[in-house]
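User: Hi! I have a model open here and would like to walk through it with you. Shall we take a look?

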Amino acid sequence: MTWPGVIGRFRDRLSVTAETPVVTLLEGNTPLLEAQVLSQHVGRPVYLKYDGANPTGSFKDRGMTMAVSKALEAGAQAVACASTGNTSASAAAYAAKAGIRAIVILPAGKIARGKLAQAVIHGAEIVAVDGNFDDALALVLELTSTHDVALVNSINPFRIEGQQSAAWEVTAALGAEPAVHALPVGNAGNITAYWAGYKAEQRAPRMWGFQAAGAAPLVWGEIIDKPETIATAIRIGNPASWETAIAARDESGGRIEAVTDAEILQAYRLLAHQEGIFCEPASAASVAGVLKFADDLPAGPVVCTLTGHGLKDPDTAADEFSELDAVPPHLDAVLEQLGW
């Protein structure tokens, strides 16, 4: 059977009707991969929910199908978002599918090229501001409150509704909830959505969220005016879903901690070199956190969400090697280069 997309599969759980014009790119149904090397490292079965396999390469598509469908149902002719990259790519693609305008406000110089390229090629109208993500979001809130434009950031409740679907896919695949579900945390909409999804099924894994140390307001308990991290997708100093993320942590008996850029990159390389999974750096924060706090893991399986594909941020991967020196086109030269 062909996968019908998030709304088609979970229609009975979502705020849609027969009149809702479903805008879908057949998102969802992403793989839950057994991570054998990670399992050995932590002494628990570890699975990777690889949402980089969504149509635009990130988990944002799960919520965007709902947000844009409901915007279209309400008669919107444009959607708008602030973004560190993935939201803009997803909003632009779904707006293109719906035949409406996409407006993106982003912090200048702070977006990975792979994500910006997607927004551009899908025809988004892009404005770069001299500020951070929080400045961009404030402008989008002002724009959407004063003009006939629908907000599609994660503070839109339909976004969270759609993103719940990932939790439902995990329980369907495992037959139960994991002992721990670990996620990167930036704007904190995803940990909010997963917890809502688990609660809807009366399940209660411990929710572990991980922020980059240079952008960890939930950990330090205060807004960070100038967040800094190599993990651009979670470079956010004032998460829009702050309170609901803390609630997910507290209600589940979980934790929200910080991991360094070095720890994120170590996990990023481990996933690529030993598990065969290429994710964007921010995604690896979930794995970095599980490795860092492995001694605190309860018994039972662990799921780590990988939020985006590695091609979202090709520059980080390209930095892993220097310019290649050409050798003569002879096998002996090749073997010498290989050290054989």
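Predicted model: local features only at pLDDT ≥ 70, side-chain atom pairs only at ≥ 80, totals over all residues.

User: Where is Leu-331 found, in which helix? And is Leu-331 buried or exposed?
Analyst: Leu-331 belongs to helix 15, which covers residues 331-338. Its relative accessible area is 60%, so Leu-331 counts as exposed.

User: Switching to charges. How many salt bridges does the count come to?
Analyst: The count is 14 salt bridges. One of them pairs Asp-51 with Arg-62, with the closest N and O atoms 2.9 Å apart.

User: Nice. Which residue forms a salt bridge with Arg-255?
Analyst: That is Glu-257, with 3.1 Å between the closest N and O atoms. Arg-255 is buried, at a relative accessible area of 17%, and Glu-257 is partly exposed at 22%.

User: And Lys-292, which side chain does it meet in a salt bridge?
Analyst: Lys-292 meets Glu-263, at 3.3 Å from N to O. The two come from distant parts of the chain, 29 residues apart: Lys-292 is in helix 13 (residues 284-292) and Glu-263 in helix 12 (residues 261-274). Lys-292 is partly exposed, with a relative accessible area of 39%, and Glu-263 is also partly exposed, at 24%.

User: Which residues are linked in a network of salt bridges?
Analyst: Arg-13, Glu-177, Glu-201 and Arg-203 are linked that way.

User: How many bridges join strand 4 to strand 5?
Analyst: Five bridges join them, and strand 4 (residues 101-107) runs parallel to strand 5. If you want a spot to look at, Val-104 stands opposite Ile-126 in strand 5.

User: What about the open sheet of six strands, what order does that have?
Analyst: That one goes 1-2-10-7-8-9, and its pairing is mixed. Strand 1 (32-34) and strand 9 are the edges; each has a single partner strand, so one side of each lacks a neighbour in the sheet. On average, neighbouring strands of this sheet are turned by 25° against each other, direction ignored.

User: How many residues of strand 9 are buried?
Analyst: Four of the five residues in strand 9 (residues 255-259) are buried, so to speak mostly covered. Strand 9 runs parallel to strand 8 (residues 206-212), joined by five bridges, and Gln-211 stands opposite Ala-258 in strand 9.

User: In which sense do strand 7 and strand 10 pair?
Analyst: Strand 7 (residues 180-184) and strand 10 (residues 302-306) pair in the parallel sense, over three bridges. There, Val-180 stands opposite Val-302 in strand 10. Helix 13 packs on the sheet and touches strand 2, strand 7, strand 8, strand 9 and strand 10, making about 150° with the direction of strand 10.

User: Last one! Why is helix 8 described as largely enclosed?
Analyst: Seven of the 10 residues in helix 8 (residues 165-174) are buried, so the rest of the structure largely encloses this helix. Among the buried ones are Trp-168, Glu-169 and Val-170. Just after helix 8, Gly-175 takes a positive phi of about 85°.

Key:
Residues numbered from 1 in each chain as written. Heavy atoms only, no water. Buried < 20%, exposed > 50% of the residue type's maximum accessible area, 1.4 Å probe, protein only. Salt bridge = Lys/Arg side-chain N within 4 Å of Asp/Glu carboxyl O. Pairing = 2+ DSSP bridges. Axes fitted to C-alpha atoms, helices over the stretch in contact; angles between N-to-C directions. Contact = heavy atoms within 4.5 Å.
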